[in-house]
Amino acid sequence: QAIEVADEPEQRYYELLNAIYVELDDPEARARLLENMVEIWPGKLSYWRQLSALYMQMDEQFKAFAALETAYLNDLIERGSDIINLAQYYSTFENPHRGAALLEKEMEAGRVERNVDNLELLSQLWSQAREHARAIPVLREAARMSDEGELSFRLGQALLADEKYADAEQALEAALEKGGLEDGQTAEAWILLGTARFNQAEPGEREQRNEADEAFAQAEQYPRTRRQASDWRNYIDAINRTERRQA
């Protein structure tokens with residue numbers, strides 16, 4: 001009633017009613033109130049942030065994204081966590097390129113920390129946008145900073161797919177050395193390492209193939225990759241026998 005009879009909007013009245021709706025656990029009424037509040041005081045970041053969080057609570061993800069984006073486009077957002085949330089929303093709503101561009105821009109501006117988690121997110125966004133050439137350097141930077149082998153493993157996968165075999169070998173060796181991988185990932189890492197080494201071997205380079213064979217021998221110890229590793233080892237053995245006969 002106080003809000004209705006006031007000659008001008010009184011911010012403290014709205015804030016008190018907002019608090020009451022929180023206590024009453026009435027998200028619909030609170031959402032309508034906060035929608036009015038951001039219209040009356042569009043420069044008040046806390047209202048936009050509350051509205052976005054409330055929409056998320058009400059499972060209205062697109063509205064939550066729209067509220068946060070509106071605040072960002074009006075130069076209200078400076079907190080790194082809000083910017084990261086916005087970048088993730090772009091991915092959710094099938095615009096990972098825009099999310100990656102936003103995150104990269106804010107990292108360069110210093111408003112988002114260039115740490116392992118944020119770099120990993122940036123690489124994922126570039127990958128989702130099919131910008132693999134931009135994803136790999138970011139993933140490489142994140143892998144260097146991480147003490148766990150997970151990111152080096154993913155880097156090795158990306159480099160192998162890009163046919164950068166020497167770089168893939170180095171990344172996969174780092175992944176296995178750092179450790180922290182699940183058994184399935186460890187088995188896969190040994191297979192990929194053998195593949196990276198094998199693809200660097202020129203005809204007659206038996207030593208290089210033997211290094212690949214050593215990796216496949218490690219992969220052979222895991223049930224998941226045993227058959228594949230065995231096939232690779234038989235193939236290498238056949239090449240070696242053929243070369244010996246030719247010699």
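Student: Where does L16 sit?
Tutor: L16 is in helix 2, residues 11-24. Helices here are DSSP runs of H or I with at least four residues, strands are E runs of at least two, and both are numbered from the N terminus. This is a predicted model, so local features need pLDDT of at least 70 and side-chain atom pairs count only at pLDDT 80 or more, while totals for chains, interfaces and linings use all residues. Residues are numbered from 1 along each chain as its sequence is written, and side-chain values use heavy atoms, with hydrogens and water left out.

Student: Is L16 buried or exposed?
Tutor: L16 counts as exposed because its relative accessibility is 54%. The cut-offs are under 20% relative accessible area for buried, over 50% for exposed and in between for partly exposed, with a 1.4 Å probe and protein chains only.

Student: OK, salt bridges. How many are in the whole structure?
Tutor: The search finds 15, each being a side-chain nitrogen of Lys or Arg within 4 Å of a carboxyl oxygen of Asp or Glu.

Student: What does R12 pair with?
Tutor: R12 meets E10 in a salt bridge, 3.6 Å from N to O. R12 is exposed because it has 57% relative accessibility, and E10 is partly exposed because its relative accessible area is 31%.

Student: And what about E141?
Tutor: The side chain of E141 meets that of R114 at 2.9 Å, N to O. E141 is in helix 9 and R114 is in the loop between helix 7 (96-109) and helix 8 (116-128), so the pair ties together parts 27 residues apart in sequence. R114 is partly exposed, because its relative accessibility is 38%.

Student: Which residue does D162 bridge to?
Tutor: D162 bridges to K164, 2.6 Å N to O. D162 is partly exposed, with a relative accessible area of 38%, and K164 counts as partly exposed at 38% relative accessibility. Elsewhere, salt bridges with shared partners join R49, R79 and D82 into one network.

Student: Back to helix 9. What is R140 in contact with?
Tutor: R140 lies in helix 9 (residues 132-145). Leaving aside its neighbours within four places in sequence, R140 contacts L155, L159 and D167; contact means heavy atoms within 4.5 Å. R140 is partly exposed because its relative accessibility is 29%.

Student: Switching to helix 5. Why does its span agree with what it should be?
Tutor: Helix 5 (residues 61-73) has 13 residues, so at 1.5 Å a residue it should span 18 Å, and its end C-alpha atoms are 18 Å apart. The expected span is 1.5 Å times one less than the number of residues.

Student: Which residues of helix 5 are buried?
Tutor: A64, F65, A67, L68, E69, A71 and Y72 are buried. The buried residues of helix 5 pack against helix 4 (45-57), helix 6 (80-92) and helix 7.

Student: What happens just after helix 5?
Tutor: D75 takes a positive phi of about 60° there, and D75 is a residue other than glycine. D75 is in the loop between helix 5 and helix 6, and is exposed because its relative accessible area is 67%. R130 also has a positive phi of about 60° although it is not a glycine. R130 sits in the loop between helix 8 and helix 9 and counts as exposed at 70% relative accessibility.

Student: Last topic, rings. How many aromatic pairs does the structure hold?
Tutor: The structure holds 11 aromatic pairs. One of them is F198 with W232, edge-to-face at 5.0 Å centre to centre and 65° between the planes. That pair links distant parts of the chain, 34 residues apart: F198 is in helix 12 (residues 183-198) and W232 in helix 14 (residues 226-246). Rings of Phe, Tyr and Trp (its six-membered ring) pair if their centres lie within 6.5 Å; planes under 30 degrees apart are stacked, over 60 edge-to-face and the rest tilted.

Student: Is F198 buried or exposed?
Tutor: F198 is buried, because its relative accessible area is 13%.

Student: Which residues do ring pairs link into a cluster?
Tutor: F62, F65, Y89, Y90 and F93 are linked that way.
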